[in-house]
Amino acid sequence: MPFCPECKYEYVTGVGECSDCKVTLVDRLEDEAGSPETEYKWKKLETQPGVVYTEMLKEVLEERGIPCVLQPGNTSWLAAKGTSTVGANPHLLVPEERHEECMRIITELFGK
Ligand SMILES: [Zn+2]
């Protein structure tokens, strides 16, 4: 069934344009409600190295309603060798549009 991408109105097969919105109908609506987080353009947030620091920051950002993804650094083999402070550099990904806001929060929390 064709749908209008604007008003979500369902049309009968054969109709090619929404009479209200004057837009071309689509076969199916995008699943917008599904996972909005995948819509973000992620940007790496430069932080100080350290798993504890990064996890703490993630919590703070989430408390403030900023979605973020913790991307682990390449730590597994280093940790196994007992050199966890070297090369252990996990980082956070935040939506690009909120990157500046995150940087301000970091400054606010930890200073420069
Ligand atoms: Zn419409």
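Two residues are in contact here if their C-beta atoms, placed from the backbone, lie within 7 Å. By that rule, Val94 touches Trp42, Lys43, Leu45, Leu61, Ile66, Cys68, His99 and Cys102, leaving aside residues up to four places away in sequence. Please keep in mind that this is a predicted model. The protein chain holds three helices and three strands, and from the N terminus on they run β-α-β-α-β-α. Welcome to the structure; the points below go through it topic by topic.

**The chain as a whole**

- The protein chain has 112 residues, and buried residues make up 10% of them.
- Take the contacts between residues at least 6 apart in sequence: 46% of these join residues at least 24 apart.

**The sheet**

- Three strands form an open sheet, in the order S1-S3-S2, with antiparallel pairing.
- S1 and strand S2 (69-71) are the edge strands, and each of them pairs on one side only.
- From one strand to the next, the twist averages 35°.
- In general, the strands of a sheet pair through backbone hydrogen bonds, either parallel or antiparallel.
- S2 is joined to strand S3 (residues 91-95) by three bridges, and the two run antiparallel.
- Along this pairing, Gln71 stands opposite His91 in S3, while Val69 has Leu93 in S3 as its bridge partner.
- S1 is joined to S3 by four bridges, again with the strands running antiparallel.
- On this side, Lys44 stands opposite Leu93 in S3.

**Helix H1 and Lys58**

- H1 packs on the sheet, where it touches S2 and S3, and its direction makes about 20° with that of S3.
- Lys58 is found in this helix, which covers residues 51-63.
- Lys58 touches Cys68, Leu70 and Leu92, once residues up to four places away in sequence are set aside.
- Lys58 and Leu70 are twelve residues apart in sequence, and their C-alpha atoms are 7.3 Å apart in space.

**The nonpolar core**

- Which residues make up the largest nonpolar core? There are eight in all: Leu45, Leu57, Leu61, Cys68, Leu92, Val94, Cys102 and Ile106.
- The elements that give two or more residues to this core are H1, S3 and H3.
- Val94 is a member of the core, and the residues that Val94 touches include Leu45, Leu61, Cys68 and Cys102.

- Helix H3 (residues 99-110) has twelve residues.
- From its first C-alpha to its last, H3 reaches 16 Å, close to the 16 Å expected at 1.5 Å a residue.
- Glu101 is found in helix H3, and Glu101 counts as partly exposed because it has 14 other C-beta atoms within 10 Å, a number between the limits of 12 or fewer for exposed and 20 or more for buried.
- Glu101 and Leu61 are 40 residues apart in sequence, yet 9.6 Å apart in space from C-alpha to C-alpha.

- Most residues other than glycine have a negative phi.
- Lys8 has a positive phi of about 65°, although Lys8 is not a glycine.
- Lys8 lies in the segment before strand S1 (42-45).
- Lys8 is exposed, because 10 other C-beta atoms lie within 10 Å, and the limit for exposed is 12 or fewer.
- Lys22 also has a positive phi, of about 60°, and is not a glycine.
- Where is Lys22 placed? Lys22 sits in the segment before S1.
- Lys22 counts as exposed because it has 9 C-beta neighbours inside 10 Å.

Methods
Residues are numbered from 1 along each chain as its sequence is written. This is a predicted model: local features need pLDDT of at least 70, side-chain atom pairs count only at pLDDT 80 or more; totals for chains, interfaces and linings use all residues. The expected span of a helix is 1.5 Å times one less than its number of residues. Two strands pair if DSSP finds at least two bridges between them. Axes are lines fitted to C-alpha atoms, for helices over the stretch in contact, and angles run from 0 to 180 degrees between N-to-C directions. A nonpolar core is a set of buried Ala, Val, Leu, Ile, Met, Phe, Trp, Tyr and Cys residues joined through C-beta atoms within 7 Å.
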